[in-house]
Amino acid sequence: MTEAVTRTFHPLDPLAEHEFRQAVAILRRDQGVDGRWRFASIALEEPSKLQVATFDDTGGVPDRRAVIVCFNRDANRTYKALVSLSDDTVASWTYMPGVQANATVDEWHEAGELLRTHPAVVAALQRRGVTDIDNVLMDVWTYGDIMIPEAYRGRRLAWSDTWVKSSGGANPYAHHLKGFHCVIDLNTMELLEIEEGESLELPEVMAEYLPRHIPTRLLESSTRTPLQPLQITQPNGPSFTITGNRLQWQNWSLRVGFNYREGMTLHTVTYNDHGRIRPIAHRMSFAEMVVPYRDHCDDHYRRTAFDIGEWGLGFMTTSLELGCDCLGEIRYLDAVLHDSKGEPYTIKNAICIHEEDNAVLWKHVDPDTGAEVRRMRRLTVSFHATVANYEYLTYWRFYQDGNIECEVRATGLMVTTHLHGDEEYPHGTLVDQRTYAPHHQHFLTARLDFDIDGTDNTVYVSETEAIPTGPDNPYGLSVRQKNIPLRTEDEGKQDYCWETQRAWRVVNENVTNGLGAHPSYKLVPGAAIPSLFDPDSPILRRAEVISHTVWVTPNHPDERWPAGEFVNQSGPGLGLPEWTSANRSIENTDVVVWYTFGINHVTRPEDWPIMPADVVSFWLKPVGFFDRNPAVDVDPPPPAQCHRDSSSDL
């Protein structure tokens, strides 16, 4: 069952359709932005913490503003504008020399259509034995600075992969045309170059995942028995409430946002601790995603995607369907975005909100009083993004004991390349006949703006240390916990250590709990993979954010993007390395923790033709935030749902 959500206004609410139209109209009117321009991004300029607090306390409405990045295709010039929707004026209009705005979905489609209809490309494909253009996919990728061909520097560029599917509706990533790539100017939609590669007979592969295309012999030989229905119902509706974009459940309260770049964002996360509203985080989101393919061959050396900075997870977000993507008593939020003409459109059911049972929360069996058990319920807020061949499914989960979990599932279709009969494939795995999938990595960077019981916090690195065996520890049993404060940004560059079970605590040293300790939340790392890059690698210098598991910086409104604001065709040293070069103080101040985690994808035959979800996560756990288990007051299951096996009476 689904239900519409009632809308009310809050300064953190994403832009509405009429606000997108107003922002575009202001620039067309006041800056002469005509039809030859593209709107790369339009998003809310989020109000400051003080403005949000003032609104919550008094209802004082801050100026409603939109940040716009647009570019003149004819002049190849990028501009950044700040538009006041409240005053209907342009607050600022700034030329951004030497940068390229994020690529747009319209450019992806237009470039693909250009290539599929260009006579030179059609002729080159025919020389490779491909004559059915309807079954050709031209997959367009952006460039990093170090990969830009010298002859085309200064242009807005893209390069393409070429794929051939067997028939209409079949897997579009079935057959990679090895060595066949094009270079395109996205402003002029001009074909600049064709790399034809060498002819290679396409092998017979089973690349299909849709039932109607899977060979009958495989379906008929299946030994699976049908599953019986699994119904998840809440006859009285869900236990959470949504008012506008504000979500409340149990003791949790938060606001759900959305923008073109990060997709779903979470704001003003608080916990009601016996009537005391306690802040935990002001804002949580994914700020960058870096996907380097670890294969230097001609087909893959350019393939390092910055999917958030170069394209935008919001633009890639897909509608969710009941019973498939979400199961249970569901409530949805729509998302409003825009095309490159500035026209708004709505992604229906972009965000899914529901409760889940998650086994036992706590339990003890006493010989005198019997079993006392509580079921664990969690609130899940999720969105899904399709980034070309891959899907990224993001789930933020809130638990009754104060825990927060962030989970990401990667699924979809792997990139593959065909081989000559005797060709080696040391940087990938054979997944089908003369077909290998290159190894690659998926790095996600979460931006966590903590406010643990207030704005001023200090981050501690927390490690478990074994005490040497000796007179004071004769059996070698004792361990102790070391908690070392991080005082500067240089100290805030941290790497995971399995041997000490390193974690990071965000502590408010200005208040104490009932036990005399300072309240904190601990970042418990999961899927903290190393970059596996040589320090001198030009790829790493452009993606320096992945060189550390954790970075800590003082909060600054202009420091949102860890690999730089303009990532498309960007060079090295942008974002976090640039900001932290000042080595600012991060002690007892408004801090942001940047956490990088992901998947070291050593490809498998089992990932082909479609990849089962690979699941990674990290946790935020209260440590001294509460004086005792905050879930001790959770109600027991109703008697009708919790009873002993009646067969024992027979």
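Patches are made of residues that have over 30% relative accessible area and no salt bridge, with like charges joined within 9 Å and nonpolar side chains (Val, Leu, Ile, Met, Phe, Trp, Tyr) joined within 5 Å. A salt bridge is a side-chain nitrogen of Lys or Arg within 4 Å of a carboxyl oxygen of Asp or Glu, and accessible areas come from the Shrake-Rupley method with a 1.4 Å probe, where for residues only the protein chains shown count as cover. This is a predicted model, in which local features need pLDDT of at least 70 and side-chain atom pairs count only at pLDDT 80 or more, while totals for chains, interfaces and linings use all residues. Residues are numbered from 1 along each chain as its sequence is written, and side-chain values use heavy atoms, with hydrogens and water left out.

**View A. Leu-230, Ile-232 and Leu-327 make a nonpolar surface patch of about 290 Å².** Leu-230 lies in the loop between helix H5 (216-220) and strand E10 (241-243), where helices (H or I, at least four residues) and strands (E, at least two) are DSSP runs numbered from the N terminus. With a relative accessible area of 64%, Leu-230 is exposed (exposed means over 50%, buried under 20%, and partly exposed in between, with a 1.4 Å probe and protein chains only).

**View B. A disulfide, a pair of cysteine sulfur atoms within 2.5 Å, joins Cys-326 to Cys-352, with 2.3 Å from S to S.** The pair links distant parts of the chain, 26 residues apart, with Cys-326 in the loop between helix H6 (307-311) and strand E16 (331-338) and Cys-352 in strand E17 (residues 344-366). Both Cys-326 and Cys-352 are buried.

**View C. Cys-182 is in no disulfide.** The nearest cysteine sulfur, which belongs to Cys-297, is 17 Å away from that of Cys-182, and Cys-182 counts as buried at 1% relative accessibility.
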